[in-house]
Amino acid sequence: MKMNKSLDQKIGFSLIFSMMLITLFFLGSLVYFIAVRGAGIISWQFLTDVPREAMTKGGVAPAIVGTFYLMLGSVLVALPLGVACAIYLCEYSPKKTIVNLIRISINNLAGVPSVVFGLFGLAVFVKFFGFGVSILSGCLTLGIMVLPNIISASQEALIAVPQSHREASLALGATQWQTIKKVVLPGSLPGILTGVILSIGRVAGETAPILFTAGTFYMRGFPKSPLSETMVLPYHIYALMTEGVHPEFQVKIAYGCAFILLILVLLVSSFAIILRQQQRSRYGI
Amino acid sequence: MESELKIRLETVNFFYGKQQALKDISFEVYKNKVTAVIGPSGCGKSTLIRLFNRMNELIPNTRLEGKIRLDRQNIYEPQVDVVELRRRVGMVFQKPNPFPKSIFENVSYGLAVNGIKDRDYLAEKVERSLKDAALWKEVSGRLYKSALALSGGQQQRLCIARALAVEPEVILFDEPCSALDPTATLKIEELIQRLKEKYTIIIVTHNMQQAARISDQTAFLMLGELIEYDLTNKIFTSPSKKITEDYITGRFG
Ligand SMILES: Nc1ncnc2c1ncn2[C@@H]1O[C@H](COP(=O)(O)OP(=O)(O)O)[C@@H](O)[C@H]1O
Ligand SMILES: [Mg+2]
């Protein structure tokens with residue numbers, strides 16, 4: 001009996017371990033191939049120059065800048081809206097039926113294909129509000145796209161704050177709003193930041209929502225204002241691989257862009273991760 | 001011996017939904033005394049003391065009948081500011097629940113939310129409260145370190161200091177020692193003995209010896225009813241009801 005049990009455990013552990021290895025292998029090979037094919041073309045000029053000679057020479061700086069703006073802008077749109085919505089649902093808890101209705105809508109929203117958000121952004125921000133194809137329209141569209149992620153992450157983080165902390169605060173004569181500001185939000189910040197990290201990855205990589213709202217595949221300069229259109233890395237990769245007449249140059253540049261995209265996501269995420277870690281370790285949450 | 005009246009319950013009934021948790025409870029709590037509430041678990045002790053700072057309001061679908069007066073004022077009247085009430089009636093919970101903040105921030109929290117910003121005043125008040133809670137010596141060197149690094153007993157005394165800092169008139173203790181070891185328990189008991197000089201204290205405990213040791217008045221609750229309420233001495237030496245005697249001699253519960 002005892003033998004069997006420990007054998008059983010050994011098999012279980014080895015299974016889990018090999019699964020983990022397979023996962024690591026896929027992740028590793030992805031980074032490896034992109035790096036091998038893309039790193040070679042990276043140069044100072046590639047990072048800082050605008051595209052030249054029908055995208056066969058020069059750099060991709062406008063696309064890097066544009067992607068960065070969109071990542072930042074969409075988080076600025078989604079974070080306050082998402083956190084406010086989560087607070088409303090968790091802390092002020094109106095009627096159960098309303099909360100459930102909103103929850104279901106949010107979950108459905110999370111499942112909507114990103115191209116649908118693109119069309120929505122085109123109709124509402126580009127056309128109706130007249131922001132045109134612009135960074136602003138792109139940020140709003142992407143922000144709405146990741147809103148469900150931010151809301152669910154925030155809700156989970158708020159629920160994880162112990163009820164006893166809320167009670168302690170209220171019992172000391174704090175109002176509910178003070179309790180939220182001083183106890184509940186700081187306690188849930190690490191969890192909220194996790195949602196932000198995941199959203200940043202999604203925003204950086206999506207092409208469909210910005211096709212009609214923010215992106216252009218060729219620019220001679222940098223975007224001048226929130227109302228100008230912009231190059232973005234994923235869209236630029238798409239354009240390099242499907243258009244133009246010099247695939248021998250374009251494919252290399254595309255891999256270079258993919259590599260930069262990886263690095264960019266990594267950089268911005270690690271910033272959020274460091275922030276989260278600081279919050280956690282500050283008082284040992 | 002005449003004692004001044006602090007809190008008075010007048011035929012109080014309390015319901016969680018349709019379930020009645022407290023039945024027709026009337027009694028009086030005296031100023032600068034320790035009043036113990038004892039009874040088997042689930043009899044409504046927590047429910048009862050959470051009425052005094054209106055914490056039960058946070059639970060949906062609850063209903064209260066009857067009056068609860070603090071210095072003659074019915075605290076459930078609409079014009080009563082619940083935030084102000086909770087400043088006057090502090091609470092220490094069963095499980096130590098310090099905020100994940102520094103020791104200083106924990107103790108000054110109640111003052112900060114009441115709009116006090118003066119650093120010197122806050123520092124003075126934090127020191128005073130920690131001294132009153134018999135914790136100052138142990139933490140004076142690490143006020144800006146996390147409160148979560150303290151031991152369970154220290155955390156509970158920190159929660160007491162936090163409650164003292166806002167200068168309440170009444171302090172409610174809901175089984176404050178149930179998560180602590182005997183040494184820490186003894187410290188808290190000594191502390192409560194000293195605190196009654198300045199404050200009116202109501203303490204829930206299901207430790208009979210504790211009630212006998214530290215309280216002046218004892219209320220014995222069972223199944224939501226107040227079975228007996230009297231001087232602690234009387235309750236523990238010659239209770240007037242058989243059922244009280246059975247309970248305190250450990251024949252059940
Ligand atoms: N939040 C609640 N919702 C519904 N019923 C509750 C709630 N809290 C307590 N009760 C019920 O009220 C009764 C008294 O509980 P409580 O006051 O916690 O007892 P005690 O503190 O004496 O152990 C119990 O029957 C309990 O199940
Ligand atoms: Mg209880």
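The model is predicted, so local features need pLDDT of at least 70 and side-chain atom pairs count only at pLDDT 80 or more, while totals for chains, interfaces and linings use all residues. Residues are numbered from 1 along each chain as its sequence is written, chains are lettered from A and ligands numbered from 1 in the order in which they are written, and side-chain values use heavy atoms, with hydrogens and water left out.

The C-alpha trace of chain A spans about 70 × 65 × 35 Å along its principal axes. Of the 285 residues in chain A, 43% are buried; here buried means under 20% relative accessible area, exposed means over 50%, and partly exposed lies in between (1.4 Å probe, protein chains only). Contacts (heavy atoms within 4.5 Å) can also be sorted by sequence separation: among those in chain A between residues at least 6 apart, 73% join residues at least 24 apart. Chain A carries 20 positive and 10 negative charges, whose mean positions are 10 Å apart. In this count Lys and Arg are positive and Asp and Glu negative, with His and the chain ends not counted; each charge is placed at NZ of Lys, CZ of Arg, CG of Asp or CD of Glu.

Chain B can be described in the same terms. Its secondary structure comes to 10 helices and 10 strands, and its C-alpha atoms fill a box of roughly 55 × 45 × 35 Å along the principal axes. For 253 residues, a compact globule would have a radius of gyration near 18 Å, and the 18 Å of chain B agrees with this. That radius is taken over C-alpha atoms, and the globule rule is 2.2 Å times the number of residues to the power 0.38. Buried residues make up 54% of the 253 in chain B. Of the contacts in chain B with a separation of 6 or more, 67% come from residues 24 or more positions apart. The accessible surface of chain B is about 11400 Å², with 48% belonging to carbon and sulfur atoms. Chain B has 37 positive and 32 negative side chains, and the centres of these two sets lie 3 Å apart.

Thr67(A) sits in helix H3 (residues 61-91) and is buried, with a relative accessible area of 2%. A polar atom of its side chain lies 2.8 Å from the backbone oxygen of Ala63(A). This is a polar contact, that is, a pair of N or O atoms within 3.5 Å; within protein, one must be able to donate a hydrogen and the other to accept it, and residues adjacent in sequence count only if both atoms are side-chain atoms. Beyond its neighbours within four places in sequence, Thr67(A) touches residues including Ala204(A), Met231(A), Pro234(A) and Leu264(A). Leu240(A), in helix H10 (residues 233-242), also counts as buried, at 2% relative accessibility. Its C-alpha atom is separated by 7.6 Å from that of Ile253(A), which is 13 residues away along the chain. In helix H7 (residues 163-171) of chain A, seven of the nine residues are buried, so this helix is largely enclosed by the rest of the structure. Among the buried residues are His165(A), Arg166(A) and Glu167(A). After H7(A) comes Gly173(A), with a positive phi near 90°.

Ser146(B) is found between helix H5 (136-139) and helix H6 (152-165) and is buried at 14% relative accessibility. A polar atom of the Ser146(B) side chain lies 3.0 Å from the backbone nitrogen of Leu148(B). Most residues other than glycine have a negative phi. Asn61(B) lies in the loop between helix H1 (45-49) and strand S4 (62-70), and at 66% relative accessibility Asn61(B) is exposed. Glu175(B) likewise has a positive phi, near 45°. Its loop runs between strand S7 (170-174) and helix H7 (182-195) of chain B, and Glu175(B) is buried at 9% relative accessibility.

Definitions and conventions: Helices (H or I, at least four residues) and strands (E, at least two) are DSSP runs, numbered from the N terminus. Accessible areas come from the Shrake-Rupley method with a 1.4 Å probe; for residues, only the protein chains shown count as cover.
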